[in-house]
Structures are given as C-alpha cells and as structure tokens.
Amino acid sequence: MIVLLFGVMYFMMIRPQQKRRREAEAMQSGLGPGDEVVTIGGLYGTVTGIEDDTVLIEVAPGVQTRYARPAIARVVTRAELPSEPISEDADTVKD
C-alpha cells in the first residue's frame, strides 16, 4: 500500500513538476535579442542583451534593466529571424 502511495505521488506531483522545470530551462536558454518577455514580477520588455546568467531588458525607450535568467517567466513573442535575401538574378526572366 505504501509503495502504491509513493507511485501515485510520483506520477501526480513530482513528474509534472520536473517536466515544467525542463520546459522553463529550455525557454530561458533560448532567449535572444529582440524577444519580448514577461518577468516573474509582471514587467514586460524586450531583450536587448544576454550574458551568461543575466538578461538585459529594455522596458521603455532608453531604459534598460538587468535580470537573472530564471526571473523570466515567459516569452510573449520571439524575435523574427532575418530571412535570406532573394537574389535579383532569380527574379529576372531571360528572353
């Protein structure tokens, strides 16, 4: 009976928490300049720089604050990656 109780506790409490922690770590390690984020305190801003364990966030034009990576709760929008430029040769049609 006790083993069954520990098994249920593992699958109902411990395992989901580990999964959420792994997802949060993956999100925090994938941060990049231009990402719009929300901190655990509810502050919205745009990532302007990243160091080993800190993130520089611009909260207003010209106002930048530094936060620890774990203080980032979620990413609102990801920065768009620049698309590859289209060659002009591909657009011209030869006669």
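## Terms and basis of the model

A residue is called buried when its relative accessible area is under 20%, exposed when that area is over 50%, and partly exposed in between, with a 1.4 Å probe applied to protein chains only. On this scale D35, at 4% relative accessibility, counts as buried.

The structure is a predicted model, in which local features need pLDDT of at least 70 and side-chain atom pairs count only at pLDDT 80 or more, whereas totals for chains, interfaces and linings use all residues. Residues are numbered from 1 along each chain as its sequence is written, and side-chain values use heavy atoms, with hydrogens and water left out.

## Overall architecture

The protein has 2 helices and 5 strands, and from the N terminus on these elements follow the order α-β-β-β-β-β-α. Helices (H or I, at least four residues) and strands (E, at least two) are taken as DSSP runs and numbered from the N terminus.

Of the 95 residues of the protein, 20% count as buried. Where contact means heavy atoms within 4.5 Å, 38% of the contacts between residues at least 6 apart in sequence join residues at least 24 apart.

## The sheet

The 5 strands of an open sheet are arranged in the order β4-β3-β2-β1-β5, with antiparallel pairing; two strands are said to pair if DSSP finds at least two bridges between them. The edge strands, each of which pairs on one side only, are β4 and β5. On average, and with direction ignored, neighbouring strands of this sheet are turned by 45° against each other, where the axes are lines fitted to C-alpha atoms (for helices over the stretch in contact) and angles run from 0 to 180 degrees between N-to-C directions.

Between β1 and β5 the antiparallel pairing extends over 4 bridges, and T39 has I72 in β5 as its bridge partner. T54 lies in strand β3 and is buried, with a relative accessible area of 15%. Once its neighbours within four places in sequence are left aside, T54 is in contact with R66, Y67, A68 and R69.

A nonpolar core is a set of buried Ala, Val, Leu, Ile, Met, Phe, Trp, Tyr and Cys residues joined through side-chain atoms within 4.5 Å. The largest such core has 8 residues, namely M27, L31, V37, V47, V55, I57, I72 and V75, and β3 and β5 each supply at least two residues of this core. Apart from its neighbours within four places in sequence, I57 is in contact with V37, T39, G45, T46, V47, T48, V63, Q64, T65, Y67 and I72.

L43 is placed in the loop between β1 and β2 and, at 31% relative accessibility, counts as partly exposed. With neighbours within four places in sequence again left aside, L43 is in contact with V37, V38, V59, T65 and Y67. L43 and A73 are 30 residues apart in sequence, and their C-alpha atoms are 9.7 Å apart in space.

## Salt bridges

A search of the whole structure finds 3 salt bridges, each term of this kind requiring a side-chain nitrogen of Lys or Arg within 4 Å of a carboxyl oxygen of Asp or Glu. One of them joins the side chains of R21 and E25 at 3.5 Å, N to O; these two residues are 4 residues apart in helix α1 (residues 2–29), so they are separated by about one helical turn. R21, at 38% relative accessibility, counts as partly exposed, and E25, at 43%, also counts as partly exposed.

D35 forms a salt bridge with R78, with the closest N and O atoms 3.2 Å apart. This pair links distant parts of the chain, since D35 belongs to the loop between α1 and β1 (36–39) and R78 to the loop between β5 (72–77) and α2 (88–91), 43 residues apart. While D35 counts as buried, R78 is partly exposed, with a relative accessible area of 44%. The side chains of R66 and E51 likewise meet in a salt bridge, at 3.2 Å, N to O; here R66 in strand β4 (residues 63–68) is linked with E51 in the loop between β2 (44–50) and β3 (54–60), 15 residues apart. E51 is partly exposed, with a relative accessible area of 47%.

## Aromatic pair

The structure holds 1 aromatic pair, formed by Y10 and F11, which is edge-to-face, with 5.1 Å centre to centre and 80° between the planes. Rings of Phe, Tyr and Trp (its six-membered ring) pair if their centres lie within 6.5 Å, and planes under 30 degrees apart count as stacked, over 60 as edge-to-face and the rest as tilted. Y10, at 34% relative accessibility, counts as partly exposed, whereas F11, at 51%, counts as exposed.
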